[in-house]
Amino acid sequence: WRRPLVCLLWEVAMIVLFGVFVRFGPEADAHWEEEKHDMNLTSDMENDFYFRYPSFQDVHVMIFVGFGFLMMFLKRYGFGAVGFNFLLAAFGIQWALLMQGWFHSFKNGKILVGVENLINADFCVGSVCIAFGAILGKTSPIQLLVMTLFQVTLFAVNEYILLNLLHVKDAGGSMTIHTFGAYFGLTVTRILYRPNLEQSKDKQGSVYHSDLFAMIGTLYLWMYWPSFNSAISDHGDAQHRAAINTYCSLAACVLTTMAFSSMLQKKGKLDMVHIQNATLAGGVAVGTSAEMMLTPYGSLIVGFISGIVSTVGYVYLTPFLESRLHIQDTCGIHNLHAMPGLIGGIVGAITAAAATEDVYGKEGFIKAFDFTGMYQTRTPSIQGGFQAAGIVVSLLMALVGGALVG
Amino acid sequence: WRRPLVCLLWEVAMIVLFGVFVRFGPEADAHWEEEKHDMNLTSDMENDFYFRYPSFQDVHVMIFVGFGFLMMFLKRYGFGAVGFNFLLAAFGIQWALLMQGWFHSFKNGKILVGVENLINADFCVGSVCIAFGAILGKTSPIQLLVMTLFQVTLFAVNEYILLNLLHVKDAGGSMTIHTFGAYFGLTVTRILYRPNLEQSKDKQGSVYHSDLFAMIGTLYLWMYWPSFNSAISDHGDAQHRAAINTYCSLAACVLTTMAFSSMLQKKGKLDMVHIQNATLAGGVAVGTSAEMMLTPYGSLIVGFISGIVSTVGYVYLTPFLESRLHIQDTCGIHNLHAMPGLIGGIVGAITAAAATEDVYGKEGFIKAFDFTGMYQTRTPSIQGGFQAAGIVVSLLMALVGGALVG
Amino acid sequence: WRRPLVCLLWEVAMIVLFGVFVRFGPEADAHWEEEKHDMNLTSDMENDFYFRYPSFQDVHVMIFVGFGFLMMFLKRYGFGAVGFNFLLAAFGIQWALLMQGWFHSFKNGKILVGVENLINADFCVGSVCIAFGAILGKTSPIQLLVMTLFQVTLFAVNEYILLNLLHVKDAGGSMTIHTFGAYFGLTVTRILYRPNLEQSKDKQGSVYHSDLFAMIGTLYLWMYWPSFNSAISDHGDAQHRAAINTYCSLAACVLTTMAFSSMLQKKGKLDMVHIQNATLAGGVAVGTSAEMMLTPYGSLIVGFISGIVSTVGYVYLTPFLESRLHIQDTCGIHNLHAMPGLIGGIVGAITAAAATEDVYGKEGFIKAFDFTGMYQTRTPSIQGGFQAAGIVVSLLMALVGGALVG
């Protein structure tokens, strides 16, 4: 009786809080018809909905089908993985709309929501899904909901520190989503260490179809990652650029993953777990820099490296973490999200520090890094420093937060 | 030999009727290049294609993958469900283009089609897929095609009465698609009652993978439902609003479904059928009101209630309908579409009746309800009355039509 | 050790070539902010990203999920089909960006990429996936990569001849993608003829779930084909028209496929292979003409015919090809891509030859066929002749190229 009660009471709480705080943003409100005149907009196309809705739906698929099905490779947890992922994500997006709203869209006592808020809520929940990957099979649904509550809260605080206080760029969330989510989950799983946890993966017989379902998750994540990294970038060239960079990085990552996977196996056979996971590292690793002028070959290099790091991690690091550090990383999120997330943060810091007006153009330079208002005097190298500080903050928040929640 | 013959002859009939009646609408015709000048359009972006095509593709996925795979939970009918769904939908969209075209896009003896017609044809077929869910396993493909022919016809008539004569708003089709489709199907299955129908669901052994396939259907319906409810709303804020309302309602619905599902089971275990179906009731129940100023918390409340109603329906009402009323509702469409559809109609009527110029803004108010021309003098409370009348008309059409076709 | 080495070295080569040649196109470059002023663009919406990105993502799904899962109906090759498809596509898109870039987007020594290049790269790889369907189960991953390298190269040359030298229209790639890809693959499989190739399809026991996975592939190809054929059409009415034509053709194709499939089987049962494949022939067969004024009923006729041709091909032609001509066509691409591709080329030539200013409007006529500059004096009938020449060139390139590579 505890689980239903928690679900119902929390949902009632959501309704009350939404009733008090959440209203439609100007572009979703019926008043927009009049506001258009004031803003001299001649076309309905200028509504942010049309800039972001297709990307939003792709991200939505990544969170619910992508992450849900990817975790199915554990035969025993197939349905549980999808079902619990569904539950925590459905609760998480509501709580994220509130938490992120208070920090970012709060005006005159109301949270004004639009399609960008929906994307950000999905992003926030994505970080919870990542952490869920580390503790899969260890927790009850109630524990998951509690973890979601706290992780979403900490996510929003961390995001506020990075984006608003440090004025860091992180549209694809290498730091805010992946680094934070993964180290949070790893800390929690360390604390929940169970010496005799059944090694379901090895004990199960045929997992052939489970692997195919997991491959559906992988492919949807892989295909839609360009939408993930470009979903909340600036309108126009920034979204365009973010999609191209991510596309290139992911393509390169597949080749190095396949190469190292068969190199590190005894008989040269491909390990399905690597294909299902490490091929995605390229998307994580350009999360911060995709909207910058990373250039296509820069993206290929990042993808090349992250594919190697991630695959090597699966072969050598995951067993090491489990036997020595007692970190049972069920889905290997340390290899798919934590390390590539750190790479992504570092690449972002370097790319920002290396930016010049020559490469970006005078106006493009200011627009890309929002060097306006109180940040008018910030230089690329200082921005690079703040980006690096963002990595450290995300790491600390994840470790401390994970320890407390765990 | 009968089945192939019907398929071929009907397709020939379609070609003849399309040849006589169907032409490209102005925005899909090559003359648009010149028309743009006349209409003072400066950008190709103003083409309706760019406002609606992404939503169209999402709806398309819902009809063919969503409904098709959702019905797979019956192991024995797995392939049949997808295959027959494919056949009836492919025929249905052609016939719907004609029927809806005669009623809504008929100019100078020609039906002028554009992307909005494609969405409407998909919607109409969606209503057939719903009815198919009630009679799954009872009919031959030929019978299905005949049912499709008649149901699409009646759908178009009902839609014409609601949208044109009663001037009712129903962009997400709570009344026209769900209420009509579900009660139509339920009436047909009542008439086709077979006392000894094999209870495939219970007799089968492991349906594990069938359940996972069904979950694919569920998730795609759940994720893309915001596109469903916003696909044919007015450009701009209305589409934006419809997507947000649906997103919120669906999120709330997942929590109450999970809560009641484990509350009503003996051991507190979740019933997969509930998760696969009742989680979607929130989308159905905001079909009419999503494009109105329902507000996010209003959507949460609707989702909250419809999740409960739908789950309780699966546990108590479906067995009752079968044993007492001899209505064999194979997929439980009474719980997923009929009752939430009625809720949706009622919520729509109330939301419309409660509309004020204050909430919508002067222009937004007129635009949201099309209070122009001969409807200039209609007040919100009268509109609410007509909305309520729309529910009754849809119900009657479904019951009478279903009885005749059955 | 050979496979990893090839993957790594080729990826390094890609990085070097990208470093030398590939840069962001003007609409993805940060300079766009300034360029907008020069081009008098008032809205970020004018960025090509917003015209094409939703279609790009649909095409992306078709290549990786659609083609990958469609080939799963061979139980034994399930995971291999998806995995190898993933590897060759990830390499292929990089090489295609280069090859197509040199021919089409080369300016001042640099290849300038944007979203249209990504779509074209996916298209090019689609042609490789088609050829892969013929040789599935016969080749090692290395051989596949080598085939990809050469086929992409020849594809780009063929495309250059058709689009640039012959000034042929082929937005949906009936000739460049399907005819070329299929006959290329068939020639290769002819040369790799193995008399004792295990007939996996017949020897396997239950392939029930494999068939369901294959059906996922089929449905995604079927649903997104309108995006495939409209992805690189001209902005505005042409994209709109291409989507409608393809939608109609595919719907008609399903009915004739089902009809002929049950007519040609002994017991009138449907053959799953037909449903999985021949239902898609309608999309292939309007590839060239979809963006022209084919009209909806014209599309129905094309779909009607191609469904019949494709199904009959599966029943009679595939066994004949194998026993007499020693062409082992594992997935039946001769029926799904080769013949419908030829039909598509021919329909395109006829539609082009029949074009009149009356039907297209004066400006629409010029825009639809790009009758500007050095092509100002070309008439529809001459255009039809060039379209026909395009078919012949594609065929020759495929046969000669396939023979050399094989």
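**Figure 1. Radius of gyration of chain A in a predicted model**. A compact globule of 406 residues would have a radius of gyration near 22 Å; chain A has 21 Å, which agrees. The radius is taken over C-alpha atoms, and the globule rule is 2.2 Å times the number of residues to the power 0.38. Along the principal axes, the C-alpha atoms of chain A fill a box of roughly 65 × 55 × 35 Å.

**Figure 2. Burial and surface of chain A**. Of the 406 residues in chain A, 67% are buried (under 20% relative accessible area, 1.4 Å probe, protein chains only). Chain A exposes about 12500 Å² (Shrake-Rupley method, 1.4 Å probe). Carbon and sulfur atoms supply 63% of that area.

**Figure 3. Setting of B:Glu291**. B:Glu291 lies in a loop of chain B, between α12 (281-285) and α13 (296-325). Helices are DSSP runs of H or I with at least four residues, numbered from the N terminus. Leaving out residues up to four places away in sequence, B:Glu291 touches several residues, including B:Asp170, B:Ala238 and B:Arg241 (contact: heavy atoms within 4.5 Å).

**Figure 4. Side chain of B:Glu291**. B:Glu291 is buried and has no salt bridge (a side-chain nitrogen of Lys or Arg within 4 Å of a carboxyl oxygen of Asp or Glu). The nearest side chain of opposite charge is B:Lys169, 4.3 Å away. The B:Glu291 side chain makes a polar contact with that of B:Ser233 (3.2 Å). Such a contact pairs N or O atoms within 3.5 Å; within protein, one must be able to donate a hydrogen and the other to accept it, and residues adjacent in sequence count only if both atoms are side-chain atoms.

**Notes.** Residues are numbered from 1 along each chain as its sequence is written, and chains are lettered from A and ligands numbered from 1 in the order in which they are written. In this predicted model, local features need pLDDT of at least 70, side-chain atom pairs count only at pLDDT 80 or more, and totals for chains, interfaces and linings use all residues; side-chain values use heavy atoms, with hydrogens and water left out.

Notes. Helices (H or I, at least four residues) and strands (E, at least two) are DSSP runs, numbered from the N terminus. Buried means under 20% relative accessible area, exposed over 50%, partly exposed in between (1.4 Å probe, protein chains only). Lys and Arg count as positive and Asp and Glu as negative; His and the chain ends are not counted.
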